[in-house]
Amino acid sequence: MTPMSGALDWLAVGDVAEERTADGVAILGGGAARLAAHAAALGVRAALVAKLGEDDAGRHVRDALARLKVELKWMRTAPGMRTTVWHQPDGHAGDRRVDRGADLALRLDELPPVSLTAALTVVSGYSLSVEPARSAALGALTMARARRSHSALLLEADLLWWTNARITRRVLEPALRAADSVALQATDALALFGPVAGREALRMIAEMGPRLVYLTQTDGSVLLRDANRVYTCPAAAVARDRYAGPAAFWAGLVQRAAPRKAAIDSVGYAQSVRRAGARL
């Protein structure tokens, strides 16, 4: 069954952007968009629900996603708005800049109908930063059960903290309660809990609701908490694209791998990715 027939493996909801690296190269940006791109590369039938601006950047992003075979039936264009542009989001806070745009204008009533079948609904945490995207992101997570879908959250607390420190914990808590699994980076754990050990961060996240917690540590290794058990998945180096590991983990779950195997395989995939994002 193809995505256009009404069934999907993966429904990604949230942010899409143009990202500009330190050397000025424009690549595909936004957590939801990058997750969907990796999922498609792994053979997953993935659709992206997001909003682009009415500009050249938006057209380039749409073309890149189409080349990667991401289903764009629910990709919308916001008249009169610009596409969001990120400048060095993976850098130090002082080097980051975001020109906010259309992706944060996604509305709850623009989500696909509940009748759409999807094995996984994954939401990017940055979309929780402001309304109306916050309601759309939370709605997507809560609607996942009606779709009989595994609900997943890419935490992105570091980006949320950087853009709006006051509300980070408050907006994440309902999303964590609604998520079956969550993925985060060591920088996200630091933003939320301060300098705690990885296993302690896993425990604190799990207490908020998710059964599966996937934590990428600073050396590239992964800690996975599955209920009350914690597994370590070593890595040879830090991944070049921080979205690659979580995407491969969730792709493994969609393809019915056991969580521990999905985590181990995800580290291998993340190590194989040679550059961050697709060039626009």
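**A walk through the model**

Guide: Let's begin with a charged pair: Arg107 forms a salt bridge with Glu110, and their closest N and O atoms are 3.3 Å apart. Keep in mind that this is a predicted model.

Visitor: Is Glu110 buried or exposed?

Guide: Glu110 counts as buried, because its relative accessibility is 8%. Arg107 is partly exposed, with a relative accessible area of 37%.

Visitor: Which residues are joined with them into one network?

Guide: Lys51, Arg107, Asp109 and Glu110 are joined by salt bridges that share partners.

Visitor: How many salt bridges does the structure hold?

Guide: There are 16 salt bridges. One of them pairs Arg20 with Glu18, with the closest N and O atoms 2.5 Å apart. Glu18 is buried at 6% relative accessibility, while Arg20 is partly exposed at 34%.

Visitor: Why would such side chains pair up?

Guide: Side chains of opposite charge can pair when their charged atoms come close.

Visitor: What does Glu19 pair with?

Guide: Glu19 forms a salt bridge with Arg34, and the closest N and O atoms are 2.9 Å apart. This pair links distant parts of the chain: Glu19 sits in strand E2 (residues 17-20) and Arg34 in helix H1, 15 residues apart. Both Glu19 and Arg34 are buried.

Visitor: Where does Asp241 lie?

Guide: Asp241 is in the loop between strand E13 (229-233) and helix H8 (244-254). Asp241 counts as buried because its relative accessibility is 1%. Setting aside neighbours within four places in sequence, Asp241 is in contact with Arg34, His38, Val273, Arg275, Ala276 and Gly277.

Visitor: New topic: the greasy bits. How many residues are in the largest nonpolar core?

Guide: The largest nonpolar core has 43 residues. Those with the most contacts inside this core are Trp10, Val16, Leu48, Leu65, Phe249 and Trp250. Helix H1 (residues 31-41) supplies the largest share of the core, 7 residues. Apart from this core lies another, of 40 residues, with Leu106, Ala178, Leu184 and Leu192 among them.

Visitor: What is Phe249 in contact with?

Guide: Leaving out neighbours within four places in sequence, Phe249 is in contact with Leu212, Tyr214, Leu224, Pro259, Ala262, Ala263 and Ser266.

Visitor: And how many aromatic pairs are there?

Guide: The structure holds 2 aromatic pairs. One of them is Trp86 with Tyr126, an edge-to-face pair with 5.1 Å centre to centre and 70° between the planes. Trp86 lies in strand E6 (residues 85-87) and Tyr126 in the loop between strand E8 (117-124) and helix H3 (133-143), so the pair ties together parts that are 40 residues apart in sequence. Trp86 is buried at 3% relative accessibility, and Tyr126 is buried with a relative accessible area of 1%.

Visitor: You mentioned H3. How many of its residues are buried?

Guide: H3 is mostly covered, with 8 of its 11 residues buried. The buried residues include Ala133, Arg134, Gly139 and Met143.

Visitor: Which residues of H7 are buried?

Guide: In helix H7 (residues 198-206), Gly198, Ala201, Leu202, Ile205 and Ala206 are buried. These residues lie on the same side of H7, because they cover an arc of only 130° around the axis.

Visitor: One last stop: where is Ser149?

Guide: Ser149 is in the loop between H3 and strand E9 (150-154). Ser149 is buried, with a relative accessible area of 6%. The Ser149 side chain reaches the backbone nitrogen of Leu120 at 3.4 Å. Beyond neighbours within four places in sequence, the contacts of Ser149 include Ala118, Thr121, Ala144 and Asp180.

Visitor: And what separates the C-alpha atoms of Ser149 and Tyr269?

Guide: Those C-alpha atoms are separated by 24 Å, and Ser149 and Tyr269 are 120 residues apart along the chain.

Conventions:
Residues are numbered from 1 along each chain as its sequence is written. This is a predicted model: local features need pLDDT of at least 70, side-chain atom pairs count only at pLDDT 80 or more; totals for chains, interfaces and linings use all residues. Side-chain values use heavy atoms; hydrogens and water are left out. A nonpolar core is a set of buried Ala, Val, Leu, Ile, Met, Phe, Trp, Tyr and Cys residues joined through side-chain atoms within 4.5 Å. Buried means under 20% relative accessible area, exposed over 50%, partly exposed in between (1.4 Å probe, protein chains only). Helices (H or I, at least four residues) and strands (E, at least two) are DSSP runs, numbered from the N terminus. Contact means heavy atoms within 4.5 Å. A salt bridge is a side-chain nitrogen of Lys or Arg within 4 Å of a carboxyl oxygen of Asp or Glu. The arc is that of the directions from the helix axis to the C-beta atoms. Rings of Phe, Tyr and Trp (its six-membered ring) pair if their centres lie within 6.5 Å; planes under 30 degrees apart count as stacked, over 60 as edge-to-face and the rest as tilted. A polar contact is a pair of N or O atoms within 3.5 Å; within protein, one must be able to donate a hydrogen and the other to accept it, and residues adjacent in sequence count only if both atoms are side-chain atoms.
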